[in-house]
Amino acid sequence: MQHIQVSLADLEQRFDKVESSTIFRAFKSFEDNFIVHTVDDVKGSVKYAVCD
């Protein structure tokens, strides 16, 4: 199974009618509940991926 990683900027582009703070809070909640985890890419940007 391939793990897809998305950044907050990717999500903001995809959901352009949603405030970025709302997206961030939702994904922080997902992270706190072990639904997604953060991945540091080599550029220093944080990305999100679904937990196994």
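Trainee: Of the contacts in the chain with a separation of 6 or more, what percentage comes from residues 24 or more positions apart?

Mentor: Contact here means heavy atoms within 4.5 Å. In this chain, residues 24 or more positions apart make up 32% of the contacts with a separation of 6 or more. Keep in mind that this is a predicted model, where local features need pLDDT of at least 70 and side-chain atom pairs count only at pLDDT 80 or more, while totals for chains, interfaces and linings use all residues. Residues are numbered from 1 along each chain as its sequence is written, and side-chain values use heavy atoms, with hydrogens and water left out.

Trainee: How many helices and strands are there in the chain, and in what order do the elements run from the N terminus?

Mentor: Helices (H or I, at least four residues) and strands (E, at least two) are DSSP runs, numbered from the N terminus. The chain has two helices and three strands, running β-α-α-β-β from the N terminus on. Its radius of gyration is 11 Å, close to the 10 Å that the globule rule gives for 52 residues, so the chain is as compact as a globular protein of that length. That radius is taken over C-alpha atoms, and the rule is 2.2 Å times the number of residues to the power 0.38. Along its principal axes, the C-alpha trace spans about 30 × 25 × 20 Å.

Trainee: What percentage of the residues of the chain count as buried?

Mentor: Buried means under 20% relative accessible area, exposed over 50%, and partly exposed in between (1.4 Å probe, protein chains only). Of the 52 residues, 15% count as buried. Take Ile23 in helix α2: at 6% relative accessibility, Ile23 is buried. Leaving out neighbours within four places in sequence, Ile23 is in contact with Leu8, Leu11, Glu12, Phe15 and Val18. Glu12 is eleven residues from Ile23 in sequence, yet their C-alpha atoms are 7.4 Å apart.

Trainee: What span should α2 have, and how far apart are its end C-alpha atoms?

Mentor: The expected span is 1.5 Å times one less than the number of residues. For the 13 residues of α2 that should be 18 Å, and the end C-alpha atoms are 18 Å apart, which agrees.

Trainee: Now the rings. How many aromatic pairs does a search of the whole structure find?

Mentor: A pair of aromatic rings is described by the distance of the centres and the angle of the planes. Rings of Phe, Tyr and Trp (its six-membered ring) pair if their centres lie within 6.5 Å; planes under 30 degrees apart count as stacked, over 60 as edge-to-face and the rest as tilted. The search finds two pairs. In one, Phe27 and Phe30 have ring centres 5.2 Å apart and planes at 70 degrees, so the pair is edge-to-face. These two residues sit three apart in helix α2 (residues 20-32), about one helical turn from each other. Phe27 is buried at 16% relative accessible area, whereas Phe30 is partly exposed at 32%.

Trainee: And what kind of pair do Phe27 and Tyr48 form?

Mentor: Phe27 and Tyr48 form a tilted pair, 5.1 Å centre to centre with 55 degrees between the planes. Because Phe27 lies in helix α2 and Tyr48 in strand β3 (residues 46-50), the pair ties together parts that are 21 residues apart in sequence. Tyr48 is buried, at 8% relative accessibility. Ring pairs link Phe27, Phe30 and Tyr48 into a cluster.

Trainee: Which residue lies over the face of Phe15?

Mentor: A charge sits over a ring if NZ of Lys or CZ of Arg is within 6 Å of the ring centre and within 35 degrees of the ring normal. Arg14 lies over the face of Phe15, at 5.4 Å from the ring centre.

Trainee: Which backbone oxygen does the side chain of Asn33 reach?

Mentor: A polar contact is a pair of N or O atoms within 3.5 Å; within protein, one must be able to donate a hydrogen and the other to accept it, and residues adjacent in sequence count only if both atoms are side-chain atoms. The Asn33 side chain reaches the backbone oxygen of Ser29 at 2.8 Å. Now look at Asp41, in the loop between β2 (36-40) and β3. Asp41 is buried, at 19% relative accessible area. A polar atom of its side chain lies 3.1 Å from the backbone nitrogen of Gly44, and the backbone nitrogen of Ser45 lies 2.8 Å from a polar atom of the Asp41 side chain.
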